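Student: Please take one part of this model and go through it closely. I'd like the cut-offs along the way.

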Amino acid sequence: MKKLIIFILLATVLLSGCSANNTSNQQTTSSEKTKQTIAYKSLESKPQATTEASKNDKNSIPVSYTIKNFEIIGQLPELPTGCEITALTMVLNYYGLNPDKLELATEYLPKTEYSTYYKDGKLIGPDSDNYFLGDPTSVYGYICGTGAIVTAANSFISDKNAKYIAKDLTGCDFLELYKYVSQDKPIIVWTTIEMADRCETDDWYTENGKHLEWSQNDHCSVLIGYTEKTVKIADPILGDVEYSKTQFEKVLTSRGKKAVALFDKNTSTSSKTE
């Protein structure tokens, strides 16, 4: 289960004295192959200018780009299963809104108990798209989807009287996500721990028939950069890491291409607070 994997990572972090930003904190044996993917990083890609784009393609974006001065905030030890709300904390912080991850988790994130029952032969459970299942401050927490993070973000933004709005980008084309990043828009993405292939899933239905699922290695982080062959990720557990772009897109697809970003309310674009 996700909570068990996070608990193992948390225990190792505390015993080793390392911070959550240390990319050497990779514990699960099931993802050893992914470590090799991380290790190769950008060695396969040739150096490219980060601001040049083809003038002949109106949809062109820089060959590579990384958002500068993006502060990584770790979820451990306070939020052992709160990767989604910590990813939101990083993005809100980037826009100068100075959130507290525990405040977001306890006061803004909609939560519900993870309980299931059978009805007419179907397993019925809560809506994990719009609620966090369990308690993110405990190892007995699970996951949440984009709806819960959009709700938490917009409630917090409203209380701050800020000019931003969080939007659900689920299903967005990969090129569009990279274009947002090249415009200094960090993207919250639903991935897996260490970008490993997704484990076997458990699934259920809500009372209104929505089909939902989750896996023990589900995770959430922030897309902050890319090259021709890699992506740069701000991970709430591992810190600043780089993965194969092919593997990232495969994993994001397996999670339903779930993504969230902040935009300017007036222009429908996102601009960093000066």
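Tutor: Let's start with a cysteine: Cys-172 has 16% relative accessibility, so it counts as buried (under 20% relative accessible area; over 50% is exposed and in between is partly exposed, with a 1.4 Å probe and protein chains only). Bear in mind that this is a predicted model, where local features need pLDDT of at least 70, side-chain atom pairs count only at pLDDT 80 or more, and totals for chains, interfaces and linings use all residues. Residues are numbered from 1 along each chain as its sequence is written, and side-chain values use heavy atoms, leaving out hydrogens and water.

Cys-144 is buried too, at 2% relative accessibility. The whole structure has 0 disulfides (cysteine sulfur pairs within 2.5 Å). Cys-144 has the sulfur of Cys-220 as its nearest cysteine sulfur, 7.2 Å away.

β11 has neighbours to pair with (pairing takes at least two DSSP bridges). Strand β10, residues 218–226, runs antiparallel to β11 and is joined to it by 4 bridges; here Gly-225 has Lys-232 as its bridge partner. β10 and β11 make a hairpin with 3 residues between them. β12, residues 239–244, also pairs antiparallel with β11, over 6 bridges, and Ile-233 sits opposite Val-241. β11 and β12 form a hairpin as well, with 3 residues between them.
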